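This report walks through a structure shown below. Please keep the sequence and the 3D view at hand while reading.

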Amino acid sequence: MADVTAIFATLPRLLDANSELLRTGRLLNVDCLLGPIDLPLLVSIRAGCITEMRALPKTMPSWRFGYTASPQAWIEYWRPEPKPGWHDLLALTKRGEAHLVGDLHPFMTHLQYFKDLLALPRSLVSGKPA
Amino acid sequence: MSGKIEPIVGRYVHVEIDGVMHRIYFEENGSGIPLVCLHTAGSDNRQWRHLLCDEEFSRHFRIIAFDMPWHGKSNPPDGATDEYRLTTASYTGAIRAFCAALSLDRPVVMGCSIGGRIVLNLAIDHISEFRALIGLEAADFQQPWYDTEWLNRPDVHGGEICAALVSGLIAPQSPENTRRETLWGYKQSGPGVFKGDLYFYRVDGDLRGRVEKIDTTICPLYLLTGEYDFSCTPEDTLRTARSIPGAQVTIMEKLGHFPMSENPVQFRQYIAPVLQQIRQIG
């Protein structure tokens, strides 16, 4: 679990270095839950940039949607060549390894953005630029 | 002329489908056994451009790929106002009418995704009309994995959502340029067309309990599915094939839901022996 959370902490830096993804998300403003199912992170996105990412507050957290997955799912998703069925966010929900909940509108309007954002750690493993 | 000109030729044929005239766009190349190729839901015949240009295949096959009505350059018919909705009957009718309009003699039909599903229906109801049938990413049924209501609503960009949904069906090993080209087709589909196609796929075209009557001694049936296709999974295809004596199944490595367009080189090594077998059958 620690590894998954630590890898999530790299997302803002990886995103800032990806101009195509920043352009795709330029109209996106949302607070959402991302990360491991048991220990999700509250992520604030403004104009496509991650402006804040912190542990879910114990009192009165507010967010529009959540995409959370088992630690194994994240590790598999981040492999340079993920295995069949572990290679896509919606493949993970179909196999029951991930949960997609809440008001899905911002997620669906920016579906490719979220797929690509959450795949950015693949570059850490492969050594290739994201 | 110094520019490279591809051998593909595009034309229109006027076809009556279920009492309505349609102006159907098709592309073709080659000569020999007619091979009709069916594109996936919400896309068009450009998915087949690599196969159409294949020098070896086109020496032995007249390869033809048409845009389904409402797709690509086949416009909606004159006066069409209703929401587009594909059914088993209308899809089957369109394919048979197109083949008849071109006077094709017992063509081979190869379809992908919805095209793979309808190939099974051709095998169930019209098998004697065909020389061989090839279903890519084909099964009698598969479990839905998203709500199709997202595909056509005014507050969501239809092209972006259609492409983003299917992007995960492409194998991660597929080249970036052919991956992007495959998704470009989805970004260009008309509003509601992908959703209308999925009415056939999700609602009307459940073939469970019907595929058992397919007689592969009349016409061979080949089923090929990519290992990364989590919409029509290899397990879906294998389950379907178990109900059809004589069906020949191949699970394709490092390929997803769009083998002919997402990675034409990888796909070629799987389809070449199938086409070779069909040639030998004659």
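## Basis of the model

The model is predicted: local features need pLDDT of at least 70 and side-chain atom pairs count only at pLDDT 80 or more, while totals for chains, interfaces and linings use all residues. Residues are numbered from 1 along each chain as its sequence is written, and chains are lettered from A and ligands numbered from 1 in the order in which they are written.

## Chain B overall

Chain B holds 10 helices and 8 strands. Helices (H or I, at least four residues) and strands (E, at least two) are DSSP runs, numbered from the N terminus. The radius of gyration of chain B, 17 Å, is close to the 19 Å that the globule rule gives for 282 residues, so the chain is as compact as a globular protein of that length. That radius is taken over C-alpha atoms, and the rule is 2.2 Å times the number of residues to the power 0.38. The C-alpha trace of chain B spans about 55 × 50 × 45 Å along its principal axes.

Of the 282 residues in chain B, 51% are buried. A residue is buried if 20 or more other C-beta atoms lie within 10 Å of its own, exposed if 12 or fewer, and partly exposed in between, with C-beta atoms placed from the backbone. Among the contacts in chain B with a separation of 6 or more, 75% join residues 24 or more positions apart. Contact requires that the C-beta atoms of two residues, placed from the backbone, lie within 7 Å.

## The sheet

In chain B, 8 strands make an open sheet of mixed pairing, in the order E1-E2-E4-E3-E5-E6-E7-E8. Strands pair if DSSP finds at least two bridges between them. The edges are E1 (9-17) and E8 (248-252) of chain B, each pairing on one side only. From one strand to the next the twist averages 20°.

Strands E5 (residues 108-112) and E6 (residues 132-136) of chain B pair in the parallel sense over 5 bridges. Within this part of the sheet, Cys112(B) stands opposite Leu136(B) in E6(B).

## Helices on the sheet

Helix H10 (residues 264-281) of chain B lies across E3, E4, E5, E6, E7 and E8 of chain B, and runs at about 170° to E6(B). Axes are lines fitted to C-alpha atoms, for helices over the stretch in contact, and angles run from 0 to 180 degrees between N-to-C directions.

In helix H8 (residues 234-242) of chain B, the buried residues are Pro234(B), Asp236(B), Thr237(B), Thr240(B) and Ala241(B). Seen down the axis of H8(B), these fall within an arc of 160°, so they line one face of the helix. The arc is that of the directions from the helix axis to the C-beta atoms. The buried residues of H8(B) pack against E7 and E8 of chain B, whereas Glu235(B) and Arg242(B), on the other side of H8(B), are exposed.

## Val15 of chain B

Val15(B) is in strand E1 of chain B. It counts as buried, because it has 22 C-beta neighbours inside 10 Å. Apart from neighbours within four places in sequence, Val15(B) is in contact with His22(B), Ile24(B), Ala97(B), Phe98(B) and Ala101(B).

## Contact with chain A

In the interface, 15 residues of chain B are in contact with 15 residues of chain A. The chain B side divides into 10 nonpolar, 3 polar and 2 charged residues. Ala, Val, Leu, Ile, Met, Phe, Trp, Tyr, Cys and Pro count as nonpolar, Asp, Glu, Lys and Arg as charged, and the others, Gly among them, as polar.
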